[in-house]
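Me: I am new to reading protein models. Can we go through one together, step by step?

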Amino acid sequence: MEEIIEAYTGVTSEGKKSRTPATLDKALTASGVLLAIFMMAHMFFVSTILFGEKTMYTVTKMFELDFIFDGGLPIIVSVFVAIVTIIFIVHAILGVRKFPTSYKAYLKIREHSKMMKHSDTSMWMFQWISGFIMMFIAMIHLYIMFTQPENIGPYASSHRVVSENMWLLYMVLLICVELHGSIGLYRAAMKWGWFDGKNPKETRQKMMKAKKFVSIFFLALGVATLLTYVKIGVERADHLPMKYNPNNSIEITK
């Protein structure tokens, strides 16, 4: 009964304003920060291909706990991906609350943004647009990583990018993820006042500069990384996807 009263009135049965929206916002921020940190770490992981195929292979095996289990266990990656997917789904469900519920609501937001000419409002609009896109394309990537953890490596990943035409999806995903994450961290810091200090206005300016740096850095790193995978994939376009073997020059099929 209390939930019914709150649903129609926006207040609890005691007449107090509901704290649920604030609680959900905190959960949205927490899950978003976790995902943003993960994506930064993930970008550093995939970018190891820039240091050579052997380096990327070594890092891949490290995530498979090769130092504990001889040869590594790809299923460990699947478990980790499953955890990330759950957090992603929870974050998406919480984020849907922020989406315009109708075309009329969207027009109001768009006109408000044009009238205000406020960068934070424009960034918020990009947040829900990029979030909507990621609900589809990010799930494709997560599904592939969950079901094919053994196909993560210098050659197999490059084959997927080029021969399976995943480069376009990864380019769109790169733009959405890196900007969504950096903007999300900036907006969370501003909303909850984590670094306000004595001069919030000055802090906002510094945080905006930090956001721009993070965005540019990870976008540049992502593009360089994707191009490297494309290069390897093009060079090996006539080969079947094979495991990289660091011990000798002979390739072995999976």
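Reply: Start with a term. A nonpolar core is a set of buried Ala, Val, Leu, Ile, Met, Phe, Trp, Tyr and Cys residues joined through side-chain atoms within 4.5 Å. Keep in mind that this is a predicted model.

Me: Which residues have the most contacts inside the largest nonpolar core?
Reply: The largest nonpolar core has 34 residues. A second, separate core has seven residues, including Met123 and Tyr186. In the largest core, the residues with the most contacts are Met134, Tyr170 and Leu173.

Me: What does Tyr170 touch, leaving out residues up to four places away in sequence?
Reply: Tyr170 is one of the residues with the most contacts inside the largest core. Contact means heavy atoms within 4.5 Å. On that basis, Tyr170 touches His141, Arg160, Val161 and Leu226.

Me: In what order do the elements of the chain run?
Reply: Count them before ordering them. The chain has nine helices and two strands. From the N terminus on, the order is α-α-α-α-α-α-α-α-α-β-β.

Me: What percentage of the residues in the chain is buried?
Reply: A residue counts as buried under 20% relative accessible area. The chain has 254 residues. It exposes about 15600 Å², and carbon and sulfur atoms supply 68% of that area. The buried share of the residues is 38%.

Me: How are α8 and α9 arranged, parallel or antiparallel?
Reply: Two packed helices are described by the angle between their axes and the distance between the axes. For α8 and α9, the angle is about 165° and the axes are 9 Å apart. Angles over 145 degrees count as roughly antiparallel. So α8 and α9 are roughly antiparallel.

Me: What is the handedness of the crossing of α8 and α9?
Reply: Handedness is a separate item from the angle. The pair packs at about 165°. The crossing of α8 and α9 is right-handed.

Me: Is Ser215 buried or exposed?
Reply: Ser215 sits in helix α9. Leaving out residues up to four places away in sequence, it touches Leu179 and Ser182. Its relative accessibility is 4%, so Ser215 counts as buried.

Me: How far apart in space are Ala36 and Gly181, C-alpha to C-alpha?
Reply: Ala36 is found in helix α2. Its relative accessible area is 7%, so it is buried. Beyond its neighbours within four places in sequence, Ala36 is in contact with Gly181 and Leu185. Ala36 and Gly181 are 145 residues apart in sequence, yet their C-alpha distance is 5.0 Å.

Me: What share of the contacts with a separation of 6 or more joins residues 24 or more positions apart?
Reply: Ala36 and Gly181 give one example, at 145 residues apart in sequence. Now take the chain as a whole. Among its contacts with a separation of 6 or more, the share from residues 24 or more positions apart is 71%.

Me: What is phi at Leu65?
Reply: Most residues other than glycine have a negative phi. Leu65 lies in the loop between α3 and α4. At 25% relative accessibility, it counts as partly exposed. Leu65 is not a glycine, but its phi is positive, at about 60°.

Me: Is Asn165 buried or exposed?
Reply: Asn165 is placed in the loop between α7 and α8. Its phi is also positive, near 55°. Over 50% relative accessible area counts as exposed. Asn165 has 54%, so it is exposed.

Conventions: Residues are numbered from 1 along each chain as its sequence is written. This is a predicted model: local features need pLDDT of at least 70, side-chain atom pairs count only at pLDDT 80 or more; totals for chains, interfaces and linings use all residues. Side-chain values use heavy atoms; hydrogens and water are left out. Helices (H or I, at least four residues) and strands (E, at least two) are DSSP runs, numbered from the N terminus. Buried means under 20% relative accessible area, exposed over 50%, partly exposed in between (1.4 Å probe, protein chains only). Accessible areas come from the Shrake-Rupley method with a 1.4 Å probe; for residues, only the protein chains shown count as cover. Axes are lines fitted to C-alpha atoms, for helices over the stretch in contact, and angles run from 0 to 180 degrees between N-to-C directions. Angles under 35 degrees count as roughly parallel, over 145 as roughly antiparallel, 65 to 115 as roughly perpendicular and the rest as oblique. A crossing is left-handed if the near helix is turned anticlockwise from the far one by less than a right angle, and right-handed if clockwise.
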